[in-house]
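Please keep the structure open as you read.

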Amino acid sequence: MSSWVRQIVLFGIVGLLQVAIDTGVLVGLTALGVAVAGANICGRISGACVGFLLNGTTTFSSPAPRRLHRGALARFLIMWIPLTIISTLLMSVLRAQVSLQSVWAIKPVVEIGLAMISFLVSKFWVYK
């Protein structure tokens, strides 16, 4: 299997786990009355912790063992913060227009869309 295909498949598997965690946190917190913006940020933080570690150690790992370092974390955060702002703004705007249950249903679609950007930035910059 080519490196690209392997990375896309692994990124997709890790991404689905991240989306499940992220969406689960958003749903749980908003069901408890937390505002969508705050719940979205908490969800993205939860998913990001898993994603940074798994993508760094499996998806974009190199043949020679290496440890994740502060440089990769800093680059990850530089990528993650704007994507989180976009996600949070979209979720907040949606919440003003549609029901909370609709926000819950749309959340995974938004995150999968943002994952396409995240893959390329991660491959060529974050985990280099």
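## The largest pocket

α1 (3-31) and α4 (100-126) each supply at least two residues of the lining of the largest pocket. Helices here are DSSP runs (H or I, at least four residues), numbered from the N terminus. The model is a predicted one, in which local features need pLDDT of at least 70 and side-chain atom pairs count only at pLDDT 80 or more, while totals for chains, interfaces and linings use all residues. Residues are numbered from 1 along each chain as its sequence is written, and side-chain values use heavy atoms, with hydrogens and water left out.

A pocket is an open set of points on a 1 Å grid over the protein atoms alone, with protein on both sides within 12 Å along at least five of seven lines; a cavity is a set of points where a 1.4 Å probe fits but cannot get out, and lining residues have an atom within 4 Å of a point. Grid points are joined across faces, edges and corners, and a volume is the space filled by probe spheres set on the points. By that rule the largest pocket holds about 230 Å³ of space. Its lining consists of Ile-8, Phe-11, Gly-12, Gly-15, Leu-16, Val-19, Ile-112, Ala-115, Met-116 and Phe-119. The most is given by α1, with 6 residues. Sorted by class, the lining of the largest pocket has 8 nonpolar, 2 polar and no charged residues. In this scheme Ala, Val, Leu, Ile, Met, Phe, Trp, Tyr, Cys and Pro are nonpolar, Asp, Glu, Lys and Arg are charged, and the others, Gly among them, are polar.

## The enclosed space

How many cavities of 30 Å³ or more does the count come to? There are 2 cavities of 30 Å³ or more, and the largest cavity has a volume of about 290 Å³. Of the 21 residues that line the largest cavity, Gln-18, Arg-44, Glu-111, Ala-115 and Ser-118 are the closest to its centre. Two or more lining residues come from each of α1, α2, α3 and α4, and α2 gives the most, with 6 residues. By class, the lining of the largest cavity has 10 nonpolar, 8 polar and 3 charged residues.

## Helix α4 and its kink

A straight helix of 27 residues would span 39 Å at 1.5 Å a residue, but α4 spans only 34 Å between its end C-alpha atoms. The expected span is 1.5 Å times one less than the number of residues. A kink of about 35° lies in α4 at Ile-106, shortly before the proline Pro-108; the bend is the angle between axes fitted to the seven residues ending at a residue and the seven starting there.

Buried residues of α4 include Leu-100, Val-103, Lys-107, Glu-111, Ser-118 and Lys-123. Buried means under 20% relative accessible area, exposed over 50%, and partly exposed in between (1.4 Å probe, protein chains only). What covers the buried residues of α4 includes α1, α2 (36-59) and α3 (70-97), with contact meaning heavy atoms within 4.5 Å.

Trp-104 also sits in α4. Apart from its neighbours within four places in sequence, Trp-104 is in contact with Thr-23, Leu-26, Val-27, Thr-30 and Ala-31. The C-alpha atoms of Trp-104 and Gly-24 are separated by 8.9 Å, although these residues are 80 residues apart along the chain.

With 29 residues, α1 reaches 41 Å from its first C-alpha to its last, close to the 42 Å expected at 1.5 Å a residue. Among the buried residues of α1 are Gln-7, Phe-11, Gln-18, Asp-22 and Thr-30, and the buried residues of α1 pack against α2 and α4. Just after α1, Gly-33 takes a positive phi of about 105°.

In α2, the buried residues include Asn-40, Gly-43, Arg-44, Gly-47, Gly-51, Asn-55 and Gly-56. Their cover includes α1, α3 and α4. In helix α3 lies Gln-97, which counts as exposed because its relative accessibility is 64%. Gln-97 and Asn-55 are 42 residues apart in sequence and 35 Å apart in space, C-alpha to C-alpha.
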